[in-house]
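This report goes through the sheets, the helix packing, the ligand shell and some backbone details of one structure. The sequence and the model are shown first.

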Amino acid sequence: MNVAQILPYDRTFNFSAGPSCLPVEVLEQARDEMVNFRGSGMSIMEMSHRGKVFESVLEEAIADLRQLIGIPDHFKILFLQGGASLQFSMLAMNFLEEHRSADYVLTGTWGKKAIEAASLVGKTNVIFDSKSTNYDHAPRPSQMNYSENPCYIHFTSNETIQGVDFLKDPQVHGTFVCDMSSNILSRPVNMENYAMIYAGAQKNMGPAGVTLVILREDMLERVPRDMHPMLSYRVHAENDSMYNTPPTWGIYVCGLVYKWLLKTGGLEKRLELNQDKAQVLYDAIDQSDGFYTGHAKKGSRSLMNITFRLRTEEMSDQFVKEAKKEGFDGLKGHRSVGGCRASVYNAFPKAGCEALAEFMRHFAARNG
Ligand SMILES: Cc1ncc(COP(=O)(O)O)c(C=O)c1O
């Protein structure tokens, strides 16, 4: 198969878990505006973040994101730095109170890291843990053993490494905080179910270096007064993400991605496209007579990260190697899980899923 015939600019099918592929239209616009940004005489990277031009880029990005997700006015939208990993700590430092605890739902590697960071700050209760089945599913609502009065309830909507997805917003009322790093903007979300959502940009939104935080405003009253300013949500909110120099380039590219998503039908449409794309690969797994085995259980299968393995690790390695030669990049599973992982975020084309499914069938026929 000749990938170059399908994708422009000799681009490869990029199945990387992140940073990962961005829409070509977005890359083209960023390229075209690179040297002289909208008549300013300089690139967006070279101008003051306090000037009118960048100010309007930031305002537009916030307005477009509000429209895209449907974020009510009583939520603040912040663009921070330090990745989702810093949010693991910031969340607890801002909201985990001394004589109380926070609930954590553990469905994979990133949730575990969130717990480890929060445990350095205060008491955490793990209210669900799928370790015994090697993190292959999300809980049913009845399996969540909530504590009496937690400061918040944290979960990871999509575990990127295991490919395990809740697929739904929380079904009950609570102070839910969600790490949406690997499936933000892949489906509609009802913000009223959340106190806070956060996500690193580098999978579904833009380049690494920007972290999106969407925070219900009443939460700001809980932030301790003696918090270090760069770690305080209140300080970032009061300064509209401009307490220090924000990641201007990243915010600009995220803004272009928001416009692209609005233009291509919004999040309802995106969900439809993502379900369609993921189905192509899950069908290839399910119809392989056991040659490929999916990691996540049906009902928790991620639409973004499709995890599967072959009969042996050696065969998985061989698959990844041969696939790479054919123009499919980034299929090796995370070292902690093994096997293979095809990450097919919003910007990944369906043609890539179809081409990989075909390659999978041929590989199985040759090696089965
Ligand atoms: C679900 C999830 N949470 C957190 C992280 C960590 O993000 P960062 O590298 O931006 O700190 C990742 C990174 O892959 C992730 O997939």
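## The seven-stranded sheet

An open sheet of seven strands runs in the order β2-β10-β9-β8-β5-β3-β4, and its pairing is mixed. The model is a predicted one. The edges of this sheet are β2 (75-80) and β4 (123-129), each of which pairs on one side only. From one strand to the next, the twist averages 20°.

Within this order, β9 (residues 196-200) pairs with β10 (residues 211-216) in the antiparallel sense, over five bridges. Gly200 has Thr211 in β10 as its bridge partner. Helix α4 (residues 109-119) lies across β3 (101-106), β4, β5 (153-156) and β8 (176-179). The angle between α4 and β3 is about 160°.

## The three-stranded sheet

Three strands, in the order β11-β12-β14, make up an open sheet with antiparallel pairing. Its edge strands are β11 (293-294) and β14 (340-343), each pairing on one side only. Strands of a sheet pair through backbone hydrogen bonds, either parallel or antiparallel.

β11 and β12 (residues 305-309) run antiparallel and are joined by two bridges. Thr293 stands opposite Arg309 in β12. Helix α7 (residues 266-286) lies across β11, β12 and β14, and runs at about 10° to β12.

Two packed helices are described by the angle between their axes and the distance between the axes. For helix α1 (residues 24-32) and helix α6 (residues 248-263), the axes come within 10 Å and cross at roughly 135°. That angle makes α1 oblique to α6, and the crossing is right-handed. On the α1 side the contact is made by Glu25, Val26, Gln29 and Ala30, and on the α6 side by Val253, Leu256, Val257 and Trp260. The residues of this contact of α1 with α6 divide into six nonpolar, one polar and one charged.

Helix α2 (residues 52-70) also packs on α6: their axes come within 9 Å and cross at roughly 40°. This makes α2 oblique to α6, and here the crossing is left-handed. From α2, the contact takes in Phe54, Val57, Leu58, Glu60, Ala61, Asp64, Leu65, Gln67 and Leu68. These meet Thr248, Ile251, Tyr252, Cys254, Gly255, Tyr258, Lys259, Leu261 and Leu262 in α6. By class, the contact of α2 with α6 has 12 nonpolar, three polar and three charged residues.

## Helices α3 and α4

The axes of α3 and α4 lie 8 Å apart, at an angle of about 40°. The two helices are therefore oblique to each other. α3 passes α4 in a right-handed crossing. In this contact, α3 supplies Ser85, Phe88, Ser89, Leu91 and Ala92, while α4 supplies Lys113, Ala114, Ala117 and Ala118. The residues of the contact of α3 with α4 comprise six nonpolar, two polar and one charged.

## The shell around the ligand

Which residues surround the ligand? They are Gly18, Gly83, Ala84, Ser85, Trp110, Thr156, Thr160, Asp179, Ser181, Ser182 and Gly200. The shell divides into two nonpolar residues, eight polar and one charged.

Helix α3 (residues 83-95) gives the most to this shell, with three residues. Ser85 in the shell is also one of the α3 residues that make the contact with α4. Gly200 of the shell is the bridge partner of Thr211 in β10.

## Backbone details

Most residues other than glycine have a negative phi, and most peptide bonds are trans. The peptide bond from Gly18 to Pro19 is cis, with omega near -5°. Pro19 is found in the loop between β1 (13-14) and α1, and Gly18 is among the residues that surround the ligand.

Asp10 is a residue other than glycine with a positive phi, near 55°. Asp10 is placed in the segment before β1.

Notes
Residues numbered from 1 in each chain as written. Predicted model: local features only at pLDDT ≥ 70, side-chain atom pairs only at ≥ 80, totals over all residues. Pairing = 2+ DSSP bridges. Helix = DSSP H or I, 4+ residues; strand = E, 2+ residues; numbered from the N terminus. Contact = placed C-beta atoms within 7 Å. Axes fitted to C-alpha atoms, helices over the stretch in contact; angles between N-to-C directions. Near = placed C-beta within 6 Å. Nonpolar A, V, L, I, M, F, W, Y, C, P; charged D, E, K, R; others polar. Parallel < 35°, antiparallel > 145°, perpendicular 65-115°, else oblique. Left-handed = near helix turned anticlockwise from the far one by under 90°.
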